[in-house]
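Subject: Structure handover

Hello,

Here is the structure I promised to pass on. Please open it next to this message and look up each residue as you read.

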Amino acid sequence: MNPNTPPVAAPEITVESFTRAFLRELNFGQGVDLDRASANDKYLALSRAVRHYLTTRWLETLRNQYRDQAKVVAYLSAEFLLGPQLENALLASKLDEVARESLANLGLDLDEIRAVEVEPGLGNGGLGRLAACFIDSLATLNVPSIGYGIRYEYGIFKQTFVDGKQVETPDNWLRLGSPWEIPHPENAVEVTFGGRTEAVEGADGARRWIPDWRVTALPYNYMVPGYHNGRVNTLRLWSAKATHEFDLQIFNAGDYAEAVRARTFAENISKVLYPEDSTPQGKELRLQQQYFFVAASLRDFLENVLPDGYDLTKLPDRITWQLNDTHPVIAVPELMRLLIDEKGWTWDDAWAVTQKCFAYTCHTLLPEALEVWSVDLLGRLLPRHLEIIYRINEEFLEVVREAYPGDELRVRRMSIVAEQPERAIRMAHLATVAGFKVNGVAELHSQLLAEKVLHDFAELWPEKFTNVTNGVTPRRFVRMANPGLSGLITEAIGDGWVTDLSQLSRLEPLAEDPEFRRRFREVKGANKRRLAEVLAARDGLEIAGDAMVDAMVKRLHEYKRQSLKLLHIVSMYEGVKSGRTPLESITPRTFVFGAKAAPGYVRAKETIALINAVGRTINEDASLEGRLKVVFPPNYNVTLAEVLIPAADLSEQISLAGKEASGTGNMKFALNGALTIGTDDGANVEIRQLVGDDNFFLFGMTEPEAADLQAKGYDPGAYYESDPELKAALDLLASGAFTGGDKGGAVASLFASLTERDRFMALADFRSYVDAQATVEEAYQDHEEWSRKAILNVARTGFFSSDRSIQDYLDRIWRAEPVTQNH
């Protein structure tokens, strides 16, 4: 980089300058004038105009980074669930009011243009949302960083309901263009697969990999602006292209499909987020995706980010690769391969550096969620990497045998290579062996990770294990999503909370102020009316604008226990219909679900169908006088979350204790003034400790109690027989009352699952749960006291900022320093 190159001139932040930029993009970028411009034309022109302002700061950030050679955090993640970009870019660059005035002068409405945006289909749930929060906080804290992932052509899927059942359709989020990405084909990287290896004479550990096929990884850069600080970091996403896309001779011979076969085969790698992996082909495609993006990312950093001639023995001083769950763990043998096979290093030198470059975040407690890859598949797709993993394992097991002589059971438990039920590579074990730090994502999760999931490793290397509780970005999930509450907070304590969320504690005395409580309720009421308007326009769903909003939005999985929420709703309905519960005693309540089920997860899809069936029956029952309403808007995403979360009164966090790693939805709801009903699981524990027991509706077994009950022999049928309300609810469900008399299918399946097995103990926690819900009903009657509790939730949950999470990573794991930008 030439130090004499002048900086890029920044556009003026004035209404006149912005108007010129917008019209220039509309006329010369979209090729239309204002009178003929479509809504999408205006959106693209506006986004690119905003991008001009960000680009100046982005190029300056890159220039400074190259000059300073400061340590970089590279966040490797299979998902980045970014959400809409326009408003975030406007907010971060201080352009929101300028843009609004500029457009108004042209007779345009910023909010109408903003509504055109389709959010990027680059993530599915908490993992991707967390990654997006983290890169936002890294930029806001002035930390040199780069996110690496995949530019999926299609998101996981667009969810629709047909007769209440989930139907997956393609999420073609790129259909109308994405103004936020910048392709850089000149920085493309080649990634190879398959083939065989052969010895290299005289080399220490080196082998020659002779691959069968290769693809090109094309980088697309997204700008990640910090909040009002001039820094713009990079998110680099890789798209797969064929190295030879088109065979003209075959095409001219008339075999048109064969002529583009290589292109189709290669592009499948980045075609869809999380391809269905119940088939061997699906499993192989997932492994291809994982290796594709980490191989491209490592080579990109070594060849395009580091200066020429950089001494790679100092690599740990320049980079920490953070492995966001097990998806990117194949990066470990890839770095070893690059150093040994391509750079000519010895095995010991390469391993010494590799062990200092990677840190691993585990996001689960479910054994089945810890990825394993069969030796057969890994050896066929990545033969050199399997060899490297074998040697890592051999040397690691020598360490284990030395530490625990004669304990071969421990050796088998800890081995990276599992022998049963088939020979397979345990990716979490590989990450733990290679990483210099391993962290969980909530205090309880980190404790259970060390005590149960990776217990042997924590005994061997206790210093490796630490905790970093998750957090969410206050910019998107309070400042942007909840402008009414943001304005109220800023009026009360100033705007410093946007980058220092601990300042929310200054709101605590205002919980005792009747006028502040009244205004807080007004904001919540306005948010509910906005939710009602959005659901009506988006999905044709009608809800009351003044009922309690009881929200359960999260990935559909049995351990999250949407089935327990369903049983509570059915029990309330049964109570009214049987005369056990007077209708007038029920607080008007709208139950809002949001969840996608993995395409191959039958039980989850059955649960969705039953929730919709129960909802349809309740919503159509005129005798309820509208006091209960169940809605399940399809295709829940960040855009809808930004409307629902500010409107919610009650946050359902009801997983079985000891199963949820952390959760971040629980944090978003609490920060926006919803009270939580939940178990002592994941970050719920820390939320309850911070907000106080009086401001949290706790129910259910603790993790030790659940483990003890399971060990003694849990019999769900005994709970079914002994609790009349539970039995009545399950019997009503099983009778076909909600399914047009159909007692089979999903009804029979769920009934049998709950009464015969109930793996996640919904029936054991049912009584405690409905009793806690009764307390909710009573508490909600006192609006003043409920408002007080809600304000205290906001005031006491500033800890759950992703800025604090990132600071913890910096202090406990990364040891990287912020580098302030000039702006």
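Predicted model: local features only at pLDDT ≥ 70, side-chain atom pairs only at ≥ 80, totals over all residues.

Backbone

Some background comes before the exceptions. Most peptide bonds are trans, and most residues other than glycine have a negative phi. The bond from Q420 to P421 is cis, with omega near -5°. You will find P421 in the loop between β14 (417-418) and β15 (424-426).

N142 is not a glycine, yet its phi is positive, at about 65°. E625, also a residue other than glycine, has a positive phi near 55°. Both sit in loops: N142 between α6 (126-140) and β2 (145-150), and E625 between α23 (602-620) and β20 (628-631).

Which of these is buried and which is exposed? The cut-offs are under 20% relative accessible area for buried and over 50% for exposed. N142 has 11% relative accessibility, so N142 counts as buried. E625 has 61%, so E625 counts as exposed.

A buried leucine

L130 belongs to helix α6. Its relative accessibility is 2%, and therefore L130 counts as buried. What does L130 touch, apart from its neighbours within four places in sequence? Its contacts are Y75, H363, N470, G471 and T664. Another residue to look at here is E79, which is 51 residues from L130 along the chain. The C-alpha atoms of L130 and E79 are separated by 9.1 Å.

Aromatic rings

A pair of aromatic rings is described by two values, the distance of the centres and the angle of the planes. The model has 21 aromatic pairs. One of them is F799 with F800: the centres are 5.1 Å apart and the planes are at 85°, so this pair is edge-to-face. The cut-off for that label is an angle over 60 degrees. F799 is partly exposed, with a relative accessible area of 32%, whereas F800 is buried, at 0%.

Y809 and W814 also form a pair. Their ring centres are 4.7 Å apart and their planes are at 20°, so the pair is stacked. Stacked requires planes under 30 degrees apart. Y809 counts as buried at 0% relative accessibility, and W814 is buried with a relative accessible area of 0%. Ring pairs also link Y809 and W814 with Y75 and F134 into a cluster.

Two charged side chains lie over rings. R410 is over the face of Y404, at 3.9 Å from the ring centre. The charged end of K464 sits over the ring of W461, 4.0 Å from its centre.

Two helices

Helix α11 (residues 331-342) packs with helix α12 (residues 347-354). Their axes are 9 Å apart, and the angle is about 140°. Why are the two helices called oblique rather than roughly antiparallel? Roughly antiparallel needs an angle over 145 degrees; the angle here is about 140°, and α11 and α12 are therefore oblique to each other. Their crossing is right-handed. On the α11 side the contact is made by V332, L335, M336, L339 and I340. On the α12 side it is made by W347, A350, W351, V353 and T354.

Regards

Technical notes
Residues numbered from 1 in each chain as written. Heavy atoms only, no water. Helix = DSSP H or I, 4+ residues; strand = E, 2+ residues; numbered from the N terminus. Buried < 20%, exposed > 50% of the residue type's maximum accessible area, 1.4 Å probe, protein only. Contact = heavy atoms within 4.5 Å. Phe/Tyr/Trp six-rings, centres within 6.5 Å; stacked < 30°, edge-to-face > 60°. Lys NZ or Arg CZ within 6 Å of the ring centre and 35° of its normal. Axes fitted to C-alpha atoms, helices over the stretch in contact; angles between N-to-C directions. Parallel < 35°, antiparallel > 145°, perpendicular 65-115°, else oblique. Left-handed = near helix turned anticlockwise from the far one by under 90°.
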